[in-house]
Amino acid sequence: MALLETEALVLRTYNLAEADKIVVCLGRSSGLIRGVAKGCRKLRNRFGAALEPFTFVNLTYYQKETQELVSIRQTEILRSHFNLSSDASILTGLAYMGDLLMEFSPPHQANEILFRMVTACIDAVSQSPDDLQSILRYFEVWLLKIEGFLPDLRFCAECHRDFNTDEPIFMGQDLALRCRNCSSGRGGTVSKRLHTHLRTTEKLAPGKFAEESRIVSNQTKRELAELTQQIIGRVLERLPRVRPTFVQ
Ligand SMILES: [Zn+2]
């Protein structure tokens with residue numbers, strides 16, 4: 001049994017037995033893990049407020065090679081966002097981010113880029129709660145990209161023609177983007193303004209993207225929300241409901 005340590009973001013907790021909780025975390029060096037925090041629902045316990053969702057903690061835990069559930073020994077709060085917990089729409093938005101991470105991120109697979117992206121998004125929501133929706137779109141696009149489900153936004157998937165023209169772009173059933181020629185006009189159209197808005201996510205940090213989104217039309221924002229929902233829906237149909245577990 002190994003004693004491990006990681007910086008982690010608490011995503012969700014479930015009550016277990018009388019005094020314990022199951023805690024789902026995204027760790028910088030552990031990836032997505034589920035752990036048991038024994039005794040954490042007792043009045044005096046060693047975890048305090050560290051296991052509240054969307055708290056960044058330093059986590060010490062035991063991991064047995066044969067078990068998916070780890071055993072949480074110690075937590076230390078690095079950063080908490082208690083300012084967000086009084087707003088119901090923010091809590092719903094953060095819970096949605098947690099749900100997507102649990103669906104898309106394979107357990108026990110560390111992903112530094114994913115961890116940094118999630119951290120940056122939560123910090124951006126904390127700094128500017130009014131920008132929640134734009135930051136959620138940014139999060140969706142980047143999660144899809146990091147997990148390998150976002151189509152290439154630069155070139156046609158068939159002829160590799162650069163999309164930096166005024167030609168319309170089409171998204172096929174296979175979620176690939178193609179030029180008019182290669183798609184024969186089949187599939188949903190991705191408007192030029194949506195394509196430009198999408199590409200902005202690749203260039204900016206979430207807070208900056210949200211700032212720039214304030215002058216983007218509501219129609220383009222709606223198109224982006226529809227596109228990410230469409231891709232997420234299709235990908236989740238393909239993913240097994242219970243992801244195979246992988247223990248390092
Ligand atoms: Zn083409």
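**Close-up views of a predicted model**

View A. The model is predicted: local features need pLDDT of at least 70, side-chain atom pairs count only at pLDDT 80 or more, and totals for chains, interfaces and linings use all residues. Residues are numbered from 1 along each chain as its sequence is written, and side-chain values use heavy atoms, without hydrogens and water.

The zinc ion has as protein donors the SG atoms of C156, C159, C179 and C182, 2.3 Å away (donors: N, O and S atoms within 2.8 Å of the metal, 3.2 Å for Na, K and Ca). Their spacing along the chain is C-x2-C-x19-C-x2-C. C156 lies in the loop between α3 and β6 (169-171), while C182, 26 residues apart from it, belongs to helix α4 (residues 180-183). At 28% relative accessibility, C182 is partly exposed.

**View B. Geometry at the zinc ion.** The 4 donor atoms make angles of 101 to 116 degrees, and the site is tetrahedral (four donors, all angles between 85 and 135 degrees). Ideal angles for four tetrahedral donors are 109.5 degrees.

**View C. S213 in helix α6.** S213 belongs to helix α6 (residues 206-213); helices are DSSP runs of H or I with at least four residues, and strands are runs of E with at least two, numbered from the N terminus. S213 is buried, at 2% relative accessibility. Beyond neighbours within four places in sequence, S213 contacts S134, H197 and K221 (contact: heavy atoms within 4.5 Å).

Methods
Buried < 20%, exposed > 50% of the residue type's maximum accessible area, 1.4 Å probe, protein only. Tetrahedral: all angles 85-135°; square planar, octahedral: opposite > 155°, others 65-115°.
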